[in-house]
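Let's take a walk through this protein together. Keep the picture handy, and we'll stop at a few places along the way.

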Amino acid sequence: MTQRLRVGVLAGGRSAEHDVSLQSAEAVLDALPKDAYEAIPIIIDREGRWPVDLRRDLVDVVFPVLHGPFGEDGVVQGHLETLGIPYVGCGVLASAVAMDKVAMRRAFLAEGIPVTPHVWFTRHEWRTATDPESLVKSLDWPMFVKPANMGSSIGISRVTSMEELRTAVELAFGYDRVVLVEQGVDARELICGVLGDYDTPQASVPGEINVIGDWNDYESKYVNTATTVTIPAVLPDRVVEDVRELALRAYRAIGGYGLSRADFLYERDTGRLYLLEINTMPGFTARSVYAGAWAASGVAYPDLLRRLIDLALERGAR
Ligand SMILES: Nc1ncnc2c1ncn2[C@@H]1O[C@H](COP(=O)(O)OP(=O)(O)O)[C@@H](O)[C@H]1O
Ligand SMILES: [Mg+2]
């Protein structure tokens with residue numbers, strides 16, 4: 001038997017999305033073709049302790065299936081860079097930019113990619129403002145209040161009054177010193193998968209998250225998981241094309257590599273598209289919307305894994 005490629009599947013970690021990460025990792029471990037790959041699980045515990053001191057001679061490539069801070073934000077990617085170990089997915093800068101909702105919006109705006117109207121402020125600015133209300137005066141209700149650096153809807157609130165806003169801002173400051181307040185839009189939620197290298201990435205068919213209730217909160221993402229997805233999303237051709245083009249432009253704007261999932265708001269009244277965010281390590285089980293969108297685009301889950309590992313090795317070789 002020829003030498004199999006040793007793939008370190010890195011999962012768990014200090015993030016609130018620890019359990020989600022373990023599910024994604026299990027799916028990757030299950031689906032990695034056994035003839036070509038030797039999968040080695042590397043589970044970081046909730047305190048951030050690694051089970052092993054990773055070294056170049058222990059694995060050929062690392063597949064980080066970590067979500068949120070300390071995993072999806074460039075920190076682990078930087079660690080792997082210093083160790084000289086090739087890894088799947090976006091590099092340090094793209095991961096960091098995509099984890100910060102303010103930095104991400106700046107990158108999108110600079111490239112003319114539409115985002116919802118928003119304002120942001122620091123904890124210091126909020127606490128010392130003589131009239132905090134004036135900070136959000138350019139926006140209408142409802143508004144979404146978000147910590148700049150999080151994921152999985154944690155720390156996010158939908159608010160419809162100044163009183164709710166104040167409470168929501170304090171909650172968000174529990175997660176980050178920077179808070180983003182966005183204009184809420186009544187919209188359908190669409191996603192588009194991106195896969196590939198820096199220069200010739202491809203976009204999947206779009207999918208739709210059929211959100212129940214006002215918005216896709218933590219509860220509906222992970223607790224009452226009644227949310228369904230429609231792949232491909234049922235959309236006019238023009239919207240399909242716009243979604244795919246914007247997903248590729250967003251990937252380019254952050255300097256994406258390997259994979260990402262672009263999330264959109266598709267406004268019901270106006271038909272406008274807004275880029276909501278880009279996730280550099282989206283939920284990654286075989287049943288995830290990212291994998292589903294690629295399956296519907298002709299790339300089955302095990303092939304997706306192969307492609308991502310090949311891309312990691314190509315970048316590692318440069
Ligand atoms: N401006 C907005 N208008 C309408 N809904 C929003 C807006 N921003 C966020 N949401 C709702 O909140 C959810 C989570 O927001 P998002 O920015 O994607 O945060 P996370 O990174 O935690 O997923 C979205 O999926 C959507 O349901
Ligand atoms: Mg989201």
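**Around the ligand**

Start with the shell of residues around ligand 1: sorted by class, it has six nonpolar, seven polar and six charged residues. One thing to keep in mind as you look is that this is a predicted model.

Which residues come nearest to ligand 1? Out of the 19 residues around it, the nearest are Lys101, Lys146, Ser153, Glu189 and Glu277. Now zoom in on some atoms. In Glu189, a side-chain N or O atom sits 2.4 Å from an oxygen atom of ligand 1. Glu182 has a polar side-chain atom 3.0 Å from a nitrogen atom of the ligand. With Asn216, look at the backbone instead: one of its backbone N or O atoms is 2.8 Å from an oxygen atom of ligand 1.

How much of ligand 1 does the protein cover? On its own, ligand 1 has 550 Å² of accessible area, and the protein covers 96% of that. If you're wondering which elements give two or more residues to this shell, they are β5 (143–147), β7 (178–183) and β13 (273–279).

**Helices that cross**

Next, let's look at how some helices pack. Two packed helices are described by the angle between their axes and the distance between the axes. Take α3 (residues 92–99) and α4 (residues 101–110): their angle is about 105°, and their axes are 5 Å apart. Angles of 65 to 115 degrees count as roughly perpendicular, so that's what α3 is to α4. On the α3 side, Val97, Ala98 and Met99 make the contact, and they meet Lys101, Ala103, Met104 and Ala107 of α4. Sort those residues by class and you get six nonpolar, no polar and one charged.

A second pair to find is α1 (residues 18–31) with α10 (residues 301–317), packed at about 95° with axes 10 Å apart. That angle makes α1 roughly perpendicular to α10 as well. From α1, the contact uses Ser24, Ala27, Val28 and Ala31, while α10 brings Tyr301, Pro302 and Leu305. By class, this contact has six nonpolar residues, one polar and no charged.

**Two cis peptide bonds**

Last stop: the backbone. Trp141 and Pro142 are joined by a cis peptide bond, with omega at about -5°. You'll find Pro142 in the loop between α5 (123–128) and β5, and β5 is one of the strands that give residues to the shell around ligand 1. The other cis bond joins Ile231 and Pro232, where omega is about -10°. To spot Pro232, go to the loop between β11 (228–230) and α8 (237–254).

How values were computed. Residues numbered from 1 in each chain as written. Chains lettered and ligands numbered in written order. Predicted model: local features only at pLDDT ≥ 70, side-chain atom pairs only at ≥ 80, totals over all residues. Heavy atoms only, no water. Axes fitted to C-alpha atoms, helices over the stretch in contact; angles between N-to-C directions. Helix = DSSP H or I, 4+ residues; strand = E, 2+ residues; numbered from the N terminus. Parallel < 35°, antiparallel > 145°, perpendicular 65-115°, else oblique. Contact = heavy atoms within 4.5 Å. Nonpolar A, V, L, I, M, F, W, Y, C, P; charged D, E, K, R; others polar. Near = heavy atom within 4 Å. Polar contact = N/O pair within 3.5 Å; in protein donor to acceptor, adjacent residues only side chain to side chain. Areas by Shrake-Rupley, 256 points an atom, 1.4 Å probe, with all protein chains shown as cover.
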